[in-house]
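Reader: I'd like to go through this model with you, if you have a moment. Could we start with the charged side chains and see where that leads?

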Amino acid sequence: MNQPDSRQELVKALVATGREDRAAFRQLYALTSARLFGVCLRICRERQAAEDVLQEVYAIIWRRAGAYEPGQASPFAWLATIARNRAIDYHRALGRRPTTSWDNMAEPAAPSRLALDAMLLDEEERKLHGCMDRLSDTQRDAIRTAFFEGITYAGLAEQQGLPTSTIKSRIKRGLERLKECLDDDI
């Protein structure tokens with residue numbers, strides 16, 4: 001299975017989940033749980049909390065999958081945004097924010113995957129890092145801080161002494177460039 005097939009499989013499972021297809025939802029979970037767990041763990045910083053958040057993430061996905069539009073966003077980006085937002089909500093509820101910098105983060109321990117899935121994930125990560133390197137420093141740093149450290153737009157604006165609208169614009173333009181770059185390689 002090559003990467004475009006994997007993406008199509010994910011789109012198909014997500015769309016079918018939107019039609020309340022339980023088998024598709026199980027497949028969606030199998031295809032994405034390790035990576036979404038990694039997103040949750042990076043922000044929550046505690047395994048148990050990440051597991052709890054991940055359970056909530058899949059409940060949200062089940063309810064909202066019908067709203068996914070394949071032409072608007074990549075399937076994993078759509079899912080990862082839900083995971084990121086839920087993990088940030090978890091931190092807000094506890095009144096704390098993650099403080100570890102991007103460079104000092106260790107890779108989270110993820111549930112075991114098949115060798116082929118691991119190879120596909122490695123290729124996707126290489127592609128993502130290559131596309132991230134094409135962004136301006138300000139866009140790349142803003143996206144990394146917001147999505148991997150779980151800092152809100154307002155928090156990032158406060159840290160950098162900039163208006164929130166400037167941060168939102170940087171991230172939006174950066175994400176658009178990332179999408180174009182990732183779509184070019186498909």
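Reader: Which residue does R86 form a salt bridge with?
Author: In this predicted model, R86 forms a salt bridge with E56, and the closest N and O atoms of the two are 2.3 Å apart.

Reader: Where in the chain do R86 and E56 lie?
Author: R86 belongs to helix α4, which covers residues 75–94, while E56 sits in helix α3, residues 47–64, and the pair links distant parts of the chain that are 30 residues apart.

Reader: Is R86 buried or exposed?
Author: R86 counts as buried, because its relative accessibility is 18% and the cut-off for buried is under 20%. E56, on the other hand, has a relative accessibility of 34%, so it counts as partly exposed.

Reader: Which residues are linked with R86 in a network of salt bridges?
Author: The network of salt bridges links R86 with E56, D89 and R92.

Reader: How many salt bridges does the structure hold?
Author: The structure holds six salt bridges. One of them joins the side chains of D137 and R140, at 2.2 Å from N to O. Both of these residues lie in helix α6, residues 137–148, and they are three residues apart, about one turn of the helix. R140 counts as buried, because its relative accessibility is 12%.

Reader: Okay, changing topic: how many residues does the largest nonpolar core have?
Author: The largest nonpolar core has 32 residues, and those with the most contacts inside it are L14, L28, L36, V57, I61 and L79. Two or more residues of this core come from each of the elements α1 (3–18), α2 (22–44), α3 and α4. As background, nonpolar side chains in soluble globular proteins tend to be buried together.

Reader: Which residues is L36 in contact with, leaving aside its neighbours within four places in sequence?
Author: With those neighbours left aside, L36 is in contact with L54, V57, Y58, I61, F76, L79, A80 and A83. There is also a second, separate core of 14 residues, which includes C131, M132, I151 and L156.

Reader: What does C131 form with C181?
Author: C131 and C181 form a disulfide, with their sulfur atoms 2.0 Å apart, and the structure holds one disulfide. C131 lies in helix α5 (residues 115–133) and C181 in helix α8 (residues 164–184), so the pair ties together parts that are 50 residues apart in sequence. The torsion about the S-S bond is about -75 degrees, so this disulfide is left-handed. Both C131 and C181 are buried.

Reader: Are C40 and C44 buried or exposed?
Author: C40 is buried, with a relative accessible area of 0%, and C44 is buried as well, with a relative accessible area of 1%.

Notes:
Residues are numbered from 1 along each chain as its sequence is written. This is a predicted model: local features need pLDDT of at least 70, side-chain atom pairs count only at pLDDT 80 or more; totals for chains, interfaces and linings use all residues. Side-chain values use heavy atoms; hydrogens and water are left out. A salt bridge is a side-chain nitrogen of Lys or Arg within 4 Å of a carboxyl oxygen of Asp or Glu. Helices (H or I, at least four residues) and strands (E, at least two) are DSSP runs, numbered from the N terminus. Buried means under 20% relative accessible area, exposed over 50%, partly exposed in between (1.4 Å probe, protein chains only). A nonpolar core is a set of buried Ala, Val, Leu, Ile, Met, Phe, Trp, Tyr and Cys residues joined through side-chain atoms within 4.5 Å. Contact means heavy atoms within 4.5 Å. A disulfide is a pair of cysteine sulfur atoms within 2.5 Å.
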